[in-house]
Amino acid sequence: MFDPVLTWAARKYQAAVATELKKYGLRYEDLYDPQLNMDIDEAIHRLPQDVVDARMQRLKRAVDCSLKKSYLSKEIQDMQTPYSWYLKDTWAEVQAENTEKAMLGTGKDYDRSFP
């Protein structure tokens, strides 16, 4: 009953998020914080160096735009692809390894608790 409404709302929300990400030249996965999620940190470490460098460049550009209270030009915004996934497969691989380790009774290679 609510599926068509939820689907419509989800599309509208994704379009709104994409518009905001394009203003700063970010991708959705750039918003994941490696300090809060150790699986994300591990997945980022496994990425090729050129992908990591591109991510850092996008984050630096977004911070620069934010500090200057400006957006990217419309031409550059049109070239952005906010929903191009570069981390999803690696992150799923890390999560699968952690699930397997939990099933075997061994701990994570990395474990951190916040005070």
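Tutor: Let us begin with contacts: two residues are in contact when heavy atoms of theirs lie within 4.5 Å. In this predicted model, if neighbours within four places in sequence are left aside, Val 52 is in contact with Ile 44 and Leu 47.

Student: Where is Val 52 found, and is Val 52 buried or exposed?

Tutor: Val 52 is found in helix H3. Its relative accessible area is 17%, and the cut-off for buried is under 20%, so Val 52 counts as buried.

Student: How much confidence does the predictor place in the model?

Tutor: The mean pLDDT of the protein is 92, and 92% of the residues reach 70 or more. Among the elements, helix H3 (residues 49-68) has the highest mean pLDDT, 97, while helix H5 (residues 88-104) has the lowest, 92.

Student: How does one read a nonpolar core?

Tutor: The general idea is that nonpolar side chains tend to be buried together in soluble globular proteins. Here the largest nonpolar core has 9 residues: Ile 40, Ala 43, Ile 44, Leu 47, Val 52, Tyr 86, Leu 87, Trp 91 and Val 94.

Student: Which elements give two or more residues to this core?

Tutor: Those elements are H2 and H5. H2 gives the most, with 3 residues.

Student: How should I read the aromatic rings?

Tutor: One looks at the distance between ring centres and at the angle between ring planes; planes under 30 degrees apart count as stacked, over 60 as edge-to-face and the rest as tilted. A search of the whole structure finds 6 aromatic pairs. In one of them, Tyr 28 and Tyr 83, the ring centres are 6.1 Å apart and the planes stand at 35°, so the pair is tilted.

Student: Which parts of the chain does the pair of Tyr 28 and Tyr 83 link?

Tutor: The pair links distant parts, 55 residues apart. Tyr 28 is in the loop between helix H1 (3-24) and helix H2 (38-46), and Tyr 83 is in the loop between helix H4 (74-79) and H5. Tyr 28 is partly exposed, at 31% relative accessible area, and Tyr 83 counts as partly exposed at 31%. Tyr 83 also pairs with Trp 85: their ring centres are 5.9 Å apart and their planes at 45°, so this pair is tilted. Trp 85 is partly exposed, with a relative accessible area of 42%.

Student: Which residues form the aromatic cluster?

Tutor: Tyr 28, Tyr 32, Tyr 83, Trp 85 and Trp 91 form one cluster. Trp 91 is also listed in the nonpolar core. A ring may have a charge over its face as well: Lys 23 lies over the face of Tyr 71, at 4.9 Å from the ring centre.

Student: How do I read a polar residue such as Asp 30?

Tutor: One asks for its place, its accessibility and its partners. Asp 30 lies in the loop between H1 and H2. Its relative accessible area is 3%, and because the cut-off for buried is under 20%, Asp 30 is buried. The side chain of Asp 30 makes a polar contact with the side chain of Tyr 86, at 2.5 Å. Apart from its neighbours within four places in sequence, Asp 30 is in contact with Arg 55, Arg 58, Leu 59 and Tyr 86.

Student: Is Leu 59 buried, partly exposed or exposed?

Tutor: At 24% relative accessibility, Leu 59 counts as partly exposed. Leu 59 has its place in helix H3. The C-alpha atoms of Leu 59 and Asp 30 are 7.1 Å apart in space, although the two residues are 29 apart in sequence.

Student: Where does Gln 80 lie, and what lies 3.1 Å from a polar atom of its side chain?

Tutor: Gln 80 lies in the loop between H4 and H5, and the backbone oxygen of Ile 76 is at that distance from its side chain. Gln 80 counts as buried, at 15% relative accessibility. Leaving aside its neighbours within four places in sequence, Gln 80 is in contact with Lys 22, Gly 25, Arg 61 and Leu 72.

Conventions: Residues are numbered from 1 along each chain as its sequence is written. This is a predicted model: local features need pLDDT of at least 70, side-chain atom pairs count only at pLDDT 80 or more; totals for chains, interfaces and linings use all residues. Side-chain values use heavy atoms; hydrogens and water are left out. pLDDT is the predictor's confidence in each residue, from 0 to 100. Helices (H or I, at least four residues) and strands (E, at least two) are DSSP runs, numbered from the N terminus. Rings of Phe, Tyr and Trp (its six-membered ring) pair if their centres lie within 6.5 Å; planes under 30 degrees apart count as stacked, over 60 as edge-to-face and the rest as tilted. Buried means under 20% relative accessible area, exposed over 50%, partly exposed in between (1.4 Å probe, protein chains only). A charge sits over a ring if NZ of Lys or CZ of Arg is within 6 Å of the ring centre and within 35 degrees of the ring normal. A nonpolar core is a set of buried Ala, Val, Leu, Ile, Met, Phe, Trp, Tyr and Cys residues joined through side-chain atoms within 4.5 Å. A polar contact is a pair of N or O atoms within 3.5 Å; within protein, one must be able to donate a hydrogen and the other to accept it, and residues adjacent in sequence count only if both atoms are side-chain atoms.
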